[in-house]
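Colleague: I would like to learn how to read a structure like this one, feature by feature. Please give the general idea each time, then the case at hand.

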Amino acid sequence: MKNILIITAHPTSRNVTKGMAEIYKTEKEVQGHTVKLVDLYKDKQLPYLTFEDAYARDDTPEKLYYQEQIKWAEEIVIIYPFWWGSMPAILKNWLDSVLTSGFSFQYGSNGRPEGLLQGRSVRIITTCGAPKFLYVLNGINRANVNIWKKSIVTFCGMNFDGFHLFGGVDTHGKNVEKIFESVEKLANK
């Protein structure tokens with residue numbers, strides 16, 4: 001059985017993101033896995049990173065807490081709304097603050113990066129209001145897949161387990177049940 005860390009980044013208390021996270025968590029627990037759910041808006045808050053912070057070697061209790069969660073996890077699932085063609089600022093700040101040099105990667109003697117978080121897989125699940133095909137046609141979907149896969153996940157030595165964009169989420173919730181069914185299937189793969 002695996003240790004699974006689910007990270008959500010949505011500012012409201014009731015939303016599709018949290019519903020997807022709860023479904024994924026429930027399905028994995030039924031399978032016998034141990035699951036922790038972290039809500040970046042409610043859990044330990046990280047200050048927004050400054051240039052000086054990025055190169056300081058000071059480890060805050062919040063940063064160490066999140067790094068321990070990552071060390072514990074064998075599977076990491078990140079669930080968030082797709083805003084302005086990317087992730088919410090709180091998630092980007094979390095990545096910048098937690099996936100630091102010496103913890104998630106280091107530069108070898110040849111100057112090339114070496115990922116330090118081997119043995120973990122990462123799955124990205126996100127929603128957007130527009131139909132998914134618009135993001136496929138304009139290349140934004142492919143760009144985000146590449147950013148997550150090459151610039152974050154494999155850079156840190158982890159295995160990329162997919163980028164799943166669910167489009168057509170509206171305020172009336174007409175596609176929500178289909179999305180929840182798809183997330184349930186992902187959790188059972």
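Modeller: Start with the naming of elements: helices and strands are DSSP runs, numbered from the N terminus. With that naming, Trp84 lies in the loop between β3 and α4. Keep in mind that this is a predicted model.

Colleague: What is the phi of Trp84 near, and is the value positive or negative?

Modeller: The general idea is that most residues other than glycine have a negative phi. Here, the phi of Trp84 is near 50 degrees, a positive value in a residue other than glycine.

Colleague: Is Trp84 buried or exposed?

Modeller: Over 50% relative accessible area counts as exposed, and under 20% as buried. Trp84 has a relative accessible area of 89%, so Trp84 is exposed.

Colleague: Which residues form a nonpolar patch on the surface?

Modeller: The patch consists of Tyr41, Trp83 and Trp84, which together have about 430 Å² of accessible area. Tyr41 comes from another stretch, the loop between β2 (34–39) and α2 (51–55). Its relative accessibility is 30%, so Tyr41 counts as partly exposed.

Colleague: Now salt bridges. How many does the structure hold?

Modeller: The idea is a side-chain nitrogen of Lys or Arg within 4 Å of a carboxyl oxygen of Asp or Glu. The structure holds 7 salt bridges. One of them joins the side chains of Glu75 and Lys2, at 3.0 Å from N to O. That pair links distant parts of the chain, with Glu75 in strand β3 and Lys2 in the segment before β1 (3–8), 73 residues apart.

Colleague: Which residue forms a salt bridge with Lys25?

Modeller: The partner is Glu29, and the closest N and O atoms are 2.8 Å apart. Both Lys25 and Glu29 lie in helix α1 (residues 16–30), 4 residues apart, which is about one turn of the helix. Glu29 is partly exposed, at a relative accessible area of 36%.

Colleague: Which parts does the salt bridge of Arg123 with Asp161 tie together?

Modeller: In this pair the closest N and O atoms of Arg123 and Asp161 are 3.0 Å apart. Arg123 lies in strand β6 and Asp161 in strand β7, so the bridge ties together parts that are 38 residues apart in sequence. Arg123 is buried, with 6% relative accessible area, whereas Asp161 is partly exposed, with 34%.

Colleague: Strand β6 also holds Ser121. What does Ser121 touch?

Modeller: Contact means heavy atoms within 4.5 Å. Leaving out residues up to four places away in sequence, Ser121 touches Glu74, Glu75, Ile76, Asn159 and Asp161. Ser121 is buried, with a relative accessible area of 16%.

Colleague: How do I check a helix, and what should the 14 residues of α6 span?

Modeller: The check compares the expected span with the distance between the end C-alpha atoms. At 1.5 Å a residue, the 14 residues of helix α6 (residues 140–153) should span 20 Å; the end C-alpha atoms are 18 Å apart, which agrees.

Colleague: Which residues of α6 are buried, and what do they pack against?

Modeller: The buried residues are Asn141, Asn144, Trp148, Ile152 and Val153. They pack against β3 (75–81), α4 (89–98), β6 (121–127), α5 (132–137) and β7 (159–166).

Colleague: How many disulfides are there?

Modeller: The test is a pair of cysteine sulfur atoms within 2.5 Å. By this rule the count is 0. Cys128 counts as buried, at 3% relative accessibility, and Cys156 counts as buried, also at 3%.

Definitions and conventions: Residues are numbered from 1 along each chain as its sequence is written. This is a predicted model: local features need pLDDT of at least 70, side-chain atom pairs count only at pLDDT 80 or more; totals for chains, interfaces and linings use all residues. Side-chain values use heavy atoms; hydrogens and water are left out. Buried means under 20% relative accessible area, exposed over 50%, partly exposed in between (1.4 Å probe, protein chains only). Patches are made of residues with over 30% relative accessible area and no salt bridge: like charges are joined within 9 Å, nonpolar side chains (Val, Leu, Ile, Met, Phe, Trp, Tyr) within 5 Å. Accessible areas come from the Shrake-Rupley method with a 1.4 Å probe; for residues, only the protein chains shown count as cover. Helices (H or I, at least four residues) and strands (E, at least two) are DSSP runs, numbered from the N terminus. The expected span of a helix is 1.5 Å times one less than its number of residues.
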